[in-house]
Amino acid sequence: MGKRSRLRKKEHQNNSKPGGRDNRDNGWGAGYADIIKENKLFEAYYQELGLVPEGEFDQFMAAMREPLPATIRITGYKSHAKEILHCLKNKYFKEIQEVEIDGQKIEAPQPLSWYPDDLAWHTNMSRKILRKSPLLEKFHQFLVSETESGNISRQEAVSMIPPLLMKIEPHHKILDMCAAPGSKTAQLIEMLHSDMDVPFPEGFVIANDVDNKRCYLLVHQAKRLNSPCIMVVNHDASCIPRLQIDTEDGQKGTLFYDRILCDVPCSGDGTMRKNIDVWKKWTTSNSLHLHGLQIRIAVRGVEQLAVGGRMVYSTCSLNPIEDEAVIATLLEKSEGALELADASVDLPGLKWMPGVTKWKLMTKEGQWYKDWSEVPVNRHTQIRPTMFPPTDTEKLANMKLERCMRILPHHQNTGGFFVAVLVKKAPMPWNRRFPKVYTHVHRSSLGTPLPETPLEDGERDGGKEGGWEECVYSDSVLCSRPPPNKKMKRHGFKEDPFVFLTEDDPVFPPIESFYDLSPDFPKINVLTRTHEGKKRHLYMVSKELRNVMLNNSERMKVINTGVKVWSRNSDGEEFGCAFRLAQEGIYTLFPYIRSRMITVSVEDIKILLTQENPYLSKLEEDAHQQAKKMGMGSIVLKYRPDNSNPDGPQCPIELCGWRGKTSIRAFVPRNERFHYLRMLGVEVFRDKQGQGPREEEKEVKEEVKEGETENGNKDVSPKQELRGENRGDEHLKGDEREGGGENLTST
């Protein structure tokens, strides 16, 4: 044994002793062994504010010290949501009931009472127990696989609240101002696609984040949902640019959003149950530093909100400085243009505390201030008047701050959260237009004030809250000129261009002919990511997003948009079309495809998803005859529910595939294969260390071995196939080798 190995062994022995590094609070909070869940300043602050009902403060603090329950949400817009829910209830939840791990009883998962249709569930399992326990390994692999497929999202319960309060409809134009990492954005996309029979809803989601790297987390979340109605952009939310669009009458107009989610950066003291380091770092200074930024972001949001629209403001902080103080400032600035909506009946079953109308401010040294008049001059740069409640009691009463909602952790075993719903009744009062003539006049010649005419929100593109400003130089005044637009700074990675194809692009005729696309197929919504050379992939966006992109290429930095619908396959050229269908875009394309479709049964799908290159003869007679009549190339494998077979999937399924010379195969990514096999009642469970298939996999292998043929068309186990082993893809060229078991042609 080498010296390093001996040292590692000795260190492991030391860490295994009581008090060692691995001895961590019953397996909770891995990595935070040295953090004590105590913060005297935090306790003193919230006890003094009185946000927690009398007699409940000890329960509140006890809940804050407990680990946060694991929560999952089943994506509601997927047609497979009911199948996933059925699988969870009748298989996985039953298997983990009454399980004990390290002396801790695992309770059966329960639905969130306030989330519609039982699509969100929580359990007392921590992430570490979920990952490390052999008894829960199947459930964990199920969660990971379905999450990658976009059918399940692991999301904190309180984080699900803001999108539900926005009351999204498919035609709404939505802005998510501070979107990363994207769990709320995913909810918004789902709500847009509530009707899966409509491939292109009229609405869209523009998801923004200031951090370039976090934007790619956002892209990952959004891509799982395969929507043509999402665009990810990278801007500072406090000065996110005003966008222009072509209106129905052919004129240029300003884009106003029907719904805005304003989930601002915050101190995060409501997340102490999962972010343990907040205990150590929390101080009142955090809220004081963020208050100004939160107001600027919220102001920019209401400026871009359409009259009649709703903006939901939320934080994962319990501090009134970040919550009610920001809302009060917005309402005061709006002079009646905004009002707080009463959302008390929107989520029956949710327990919440009404917003407060009185609060105090405390410095990190423990000094309290009740109003602005008490703040010493030397603190005026850190403490601002907007941090205190309005002093006018009548104005304060008219604000109806009690309509704000504060969720306390001990009421329903959640994190802490704050949310408020604002409705815009009129344009914001600070939007005014001066005459557009640029003049330089002497101050003495200004006998009367300049005339003002109301300016619709957004007709100015400056970032100042006060609208156009006078620029005074000595005794002259520069009139009627808006602040100059700053040139947009681009940070982060340089993105490939987004190039829309014209209707007469030469790429379309062979595609239209091969797939017999319907005449209403929107060719102008197809884009690619290169100006020159062969087009590798074709993407689609909705008509409304195309409008936004074409009119604002210089105003905004787009990170990602569109869903991939076709990929180039050089082998396909000899069959009449160089582009094969992409699985992620099949639900967008399917309504327009009128040929190259094979209707398959449950048994056909099992064969296609568990065998490498099954011969056509392995399909059932109906599918076999359809395939024989079809030429080689990309195909759609279509399953429709059989009412006479209640045990089969009760939702439609469309899969991309390839019809070879004598064989056929499905082009489906690995995790989606797992998903479909589970829907068909086939358990696919991989060994964690890769030491061979489990019993369930062996059963699947035995099931499909019966289909082996004499001429050597050997079946491949689900494990090999789903890992992408033994694919025989050596002949593929360039971008055809993309992994995931999807982009492969058969011979």
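What follows is a short chat about a predicted model.

Colleague: What should I know about the model before I start?
Modeller: It is predicted, so local features need pLDDT of at least 70 and side-chain atom pairs count only at pLDDT 80 or more, while totals for chains, interfaces and linings use all residues. Residues are numbered from 1 along each chain as its sequence is written, and side-chain values use heavy atoms, with hydrogens and water left out.

Colleague: Which residue does UniProt list for "active site"?
Modeller: Cys316, according to the unreviewed UniProt entry. UniProt positions are in the numbering used here, feature names are shortened, and annotations may be inferred rather than shown by experiment.

Colleague: Where is Cys316?
Modeller: In the loop between β13 (305-315) and α12 (324-334). Helices (H or I, at least four residues) and strands (E, at least two) are DSSP runs, numbered from the N terminus.

Colleague: Is Cys316 buried, exposed or partly exposed, and what does Cys316 touch?
Modeller: Cys316 is partly exposed, at a relative accessible area of 23%. Buried means under 20%, exposed over 50%, and partly exposed in between (1.4 Å probe, protein chains only). Leaving out residues up to four places away in sequence, its contacts (heavy atoms within 4.5 Å) include Cys266, Asp269 and Phe417.

Colleague: Switching to aromatics, how many pairs are there?
Modeller: The count is 20 aromatic pairs. Rings of Phe, Tyr and Trp (its six-membered ring) pair if their centres lie within 6.5 Å; planes under 30 degrees apart are stacked, over 60 edge-to-face, and the rest tilted. Phe93 and Trp121 make a tilted pair, 4.9 Å centre to centre with 45° between the planes.

Colleague: What does the pair of Phe93 and Trp121 tie together?
Modeller: Phe93 is in helix α4 (residues 81-95) and Trp121 in strand β5 (residues 120-123), so the pair links parts 28 residues apart in sequence. Both residues are buried.

Colleague: Why does the pair of Trp658 and Phe667 count as stacked?
Modeller: Because the planes are at 20°, with the ring centres 6.2 Å apart. Trp658 is buried at 3% relative accessible area, and Phe667 is buried at 1%.

Colleague: Which charged end sits over the ring of Phe498?
Modeller: That of Arg529, 3.7 Å from the ring centre. The rule asks for NZ of Lys or CZ of Arg within 6 Å of the ring centre and within 35 degrees of the ring normal. Lys360 likewise has its charged end over the ring of Trp368, at 4.8 Å from the centre.
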